[in-house]
Amino acid sequence: MKVAFYKHNLDAVDKKNILKALNSYILTTGEVTAEFEKKFAKYLGNKYAVGLMSCTHALYLALVYFGVKEGDEVITTPLTYTATADAIEYCKAKPVFVDVEPDTGNINADLIEKAISKRTKVILPVHLFGQMVDMKKIRKIADKYNLAIVEDSAHCIEGKRDGVRPGHLGDIACFSFYATKNITCGEGGAISTNNEKIYNWFNKARSFGLTKDVIERMKMGIKQYDKVFLGFKSNLSNIQAALLLHQIDKIDQRLKRKEILAQKYEAGFRKIDKVRTFKKLKKAKHARYLYTIMVDPAIRESFMANLKERGIDTQVNYEPVTKLSYYKNKYGFKEGDFKIAEEIGSSVLSLPLYPKLKEKEINYIVRTIKELL
Ligand SMILES: *Cc1c(COP(=O)(O)O)cnc(C)c1O
């Protein structure tokens, strides 16, 4: 049997929508993008959303909005994709890493306060694997020290904790529509916020900081636009948005399927001592972006190779960012600086999890893992 790590779930309606966009006059940001933004914000229960070219750029722009610059510090987690920390580096600010919780892999909110200095501007938590961080606790800390919160919500569109969803308590939540994310247009991203000022800024910032977007400029004819600040080129096109429209309609339906599959894994691994799993928080909705398990670090690499030999593709999410040469060399991190993140990072592997995955494929994966261990 061969089990792919990921399969997308685009259907006939998605294909119809993209054809419609291709047949329309405007291919760049326009009405389809606006329609998606409205839908996306509504799904999240937020007032606004702005479509962007990636989550990485969304994170970067969010930090720029809060004026993060050289000499500033941004608090984040080491257990994430490199993009999270990179956004801080782009601003020439310093990422201050805070270790994670052993049972969820999320940033340990109890350790954040100790990491705050006079230079701290923003807290940048990541809702790892689809499970939200403790936003209520983090908001309290942020308010006490007058800090902004930018959520890296690349793994978590559907998630909810204590009644809180991405963008509800954070100032800006950033999302990814990269090829493997829960909804995708190949490459793309967005922010969501409840702050009108932030919304207006992003609308301009994604198009060079110009006062008028393409549609307005077309309506105005030859009239000139003005530039009020140095913006960026980071807009989500109609073509990309067309692919997202129907996916957002079906997002909870797909999540239901992923939840069933995740619980099937869970039940299987309960009987295998050598597999450890992350804790699913009670009274919380898990967005189920990745299904990640932990094994003995000494065997992780050979174990993954053996799975591959038996047709099962897996992936490491993540070795801590602090172990990557760029960050390690620049900041001189040593082994043991982020104990829990390092322990998790050396033990984890993610298994296939997508709506098209079949029950019998999960049975095969669990059986194979049992045999190998
Ligand atoms: C995928 C991902 C990103 C980057 O998203 P892009 O849209 O590819 O820029 C950022 N943070 C995390 C945690 C991710 O998994």
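Leu-27, in this predicted model, sits in the loop between helix H1 (12–22) and helix H2 (31–44), and it is partly exposed, with a relative accessible area of 41%. Together with Leu-19 and Leu-22, Leu-27 makes a nonpolar surface patch of about 270 Å².

Let me turn now to the charged side chains. Side chains of opposite charge can pair when their charged atoms come close, and a search of the whole structure finds 21 salt bridges. One of them joins Glu-37 and Arg-206, whose closest N and O atoms are 2.8 Å apart. Because Glu-37 belongs to helix H2 while Arg-206 lies in the loop between helix H7 (196–205) and helix H8 (214–220), this pair ties together parts that are 169 residues apart in sequence. Glu-37 is buried, at 9% relative accessible area, and Arg-206 counts as buried too, at 6%.

A further salt bridge is formed by Lys-330 and Glu-89, at 2.7 Å from N to O, and it links helix H12 with helix H4 (residues 82–90) across 241 residues. Here Lys-330 counts as partly exposed, at 45% relative accessibility, whereas Glu-89 is buried, at 11%.

Which helices does the pair of Glu-359 and Arg-257 link? Their side chains meet in a salt bridge of 3.2 Å, N to O, with Glu-359 in helix H14 and Arg-257 in helix H10, 102 residues apart. The axes of H10 (residues 251–269) and H14 (residues 359–372) come within 10 Å and cross at roughly 25°, so the two helices are roughly parallel to each other, and their crossing is right-handed.

Finally, Arg-300, Glu-301, Glu-319 and Lys-323 are linked in a network of salt bridges.

Definitions and conventions. Residues numbered from 1 in each chain as written. Predicted model: local features only at pLDDT ≥ 70, side-chain atom pairs only at ≥ 80, totals over all residues. Heavy atoms only, no water. Patch = residues over 30% accessible without salt bridge, like charges linked within 9 Å, V, L, I, M, F, W, Y side chains within 5 Å. Areas by Shrake-Rupley, 256 points an atom, 1.4 Å probe, with all protein chains shown as cover. Salt bridge = Lys/Arg side-chain N within 4 Å of Asp/Glu carboxyl O. Helix = DSSP H or I, 4+ residues; strand = E, 2+ residues; numbered from the N terminus. Buried < 20%, exposed > 50% of the residue type's maximum accessible area, 1.4 Å probe, protein only. Axes fitted to C-alpha atoms, helices over the stretch in contact; angles between N-to-C directions. Parallel < 35°, antiparallel > 145°, perpendicular 65-115°, else oblique. Left-handed = near helix turned anticlockwise from the far one by under 90°.
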